[in-house]
Amino acid sequence: MVLCLDIGGTNIRIAEVSDGKVKNKQTITTPKTKKQIINSLFDLIDSYPKPKVICIGTAGFVKDGKIYGNPNIDLKNIDIREIISKKYKSKVYVDNDANCAGLGELYYGNGKNKKDFLLLTLGTGIGGAIMIDRKLYHGNGFAGEPGHMILNNKMLEKKYQTNKKSKKYNQIGEDLGIAILNISYVLDPEIVIIGGGLSSVKSIYSEIRKILIKNDLIKRKIPIVRAKLGDNVGLIGASLLTKLR
């Protein structure tokens, strides 16, 4: 049993996870300030028996346990692994939340029988995970951040957030279709998996497929599917960080 946290721009989730099964889950709204977030993490962890292992998936640019940048929550230039391990004397694993979601789908979801795939998360922002030969690809540390691609002279994530607020889901799908097509020419994934809060909006998928059908020069028909694990994908994936080290 591993204690896992999923720190997102909207919610923080915590649960005990074992073999892909989630138990004793709690969810709170993500506080606004760094101090409030850290104190909330302590309160959540303290509500469980003392853990030997803590696994954390968090929004932001994460490398070696440190969050270097985070456009959607007030966690920047902070070594979250050191803070948690120092307080609880536990083994702590940390990675980007979308990378954790990718691991969850790799082991227990729609990536289970796939060799190479791309996962996108549609939450407060847009996250991503790249799987190559069934291994999570980090690049030099920060790979898999499609939300920060530039599309029509504007950051994709900024366009997404504007359209999400006004519920322009067709435009979100069109923008994602262009982004996925561009990424596909570099990575050529077997499948693209969509997770996060907006993954339930069917019109997004139809618009993505329209873009791919119309513009893919080699007509690959890349499957675009919803993440199988739903809201628990980040927690389940975080528990799998122990397998990477």
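In this predicted model, the side chain of Ser-184 reaches back to the backbone oxygen of Leu-181, at a distance of 2.7 Å. Ser-184 belongs to helix H5, which covers residues 169–187, and, leaving aside residues up to four places away in sequence, it touches Pro-189, Arg-220 and Ile-222. Because its relative accessible area is 1%, which is under 20%, Ser-184 counts as buried.

A search of the whole structure finds one cavity of 30 Å³ or more, and the largest cavity holds about 40 Å³ of space. Among the residues that line the largest cavity are Gly-60, Phe-61, Asn-96, Phe-142 and Glu-145, and its lining divides into four nonpolar residues, four polar ones and one charged. At least three residues of this lining come from each of domain 1 (2–99 + 232–243) and domain 2 (113–226).

The open space comes next. The largest pocket has a volume of about 660 Å³, and of the 38 residues that line it, Asp-97, Thr-121, Gly-123, Thr-124 and Gly-196 are the closest to its centre. Elements that give two or more residues to this lining include strand S2 (11–18), strand S9 (117–122) and helix H4 (156–165), while the largest share, three residues, comes from H3. The lining of the largest pocket divides into nine nonpolar, 21 polar and eight charged residues, and it draws at least three residues from each of domain 1 and domain 2.

Definitions and conventions
Residues numbered from 1 in each chain as written. Predicted model: local features only at pLDDT ≥ 70, side-chain atom pairs only at ≥ 80, totals over all residues. Heavy atoms only, no water. Helix = DSSP H or I, 4+ residues; strand = E, 2+ residues; numbered from the N terminus. Buried < 20%, exposed > 50% of the residue type's maximum accessible area, 1.4 Å probe, protein only. Polar contact = N/O pair within 3.5 Å; in protein donor to acceptor, adjacent residues only side chain to side chain. Contact = heavy atoms within 4.5 Å. 1 Å grid on protein atoms, 1.4 Å probe; cavity = no way out; pocket = protein on both sides within 12 Å on 5 of 7 lines; lining within 4 Å. Points joined across faces, edges and corners; volume = space filled by probe spheres on them. Nonpolar A, V, L, I, M, F, W, Y, C, P; charged D, E, K, R; others polar. Domains from an automatic or database assignment.
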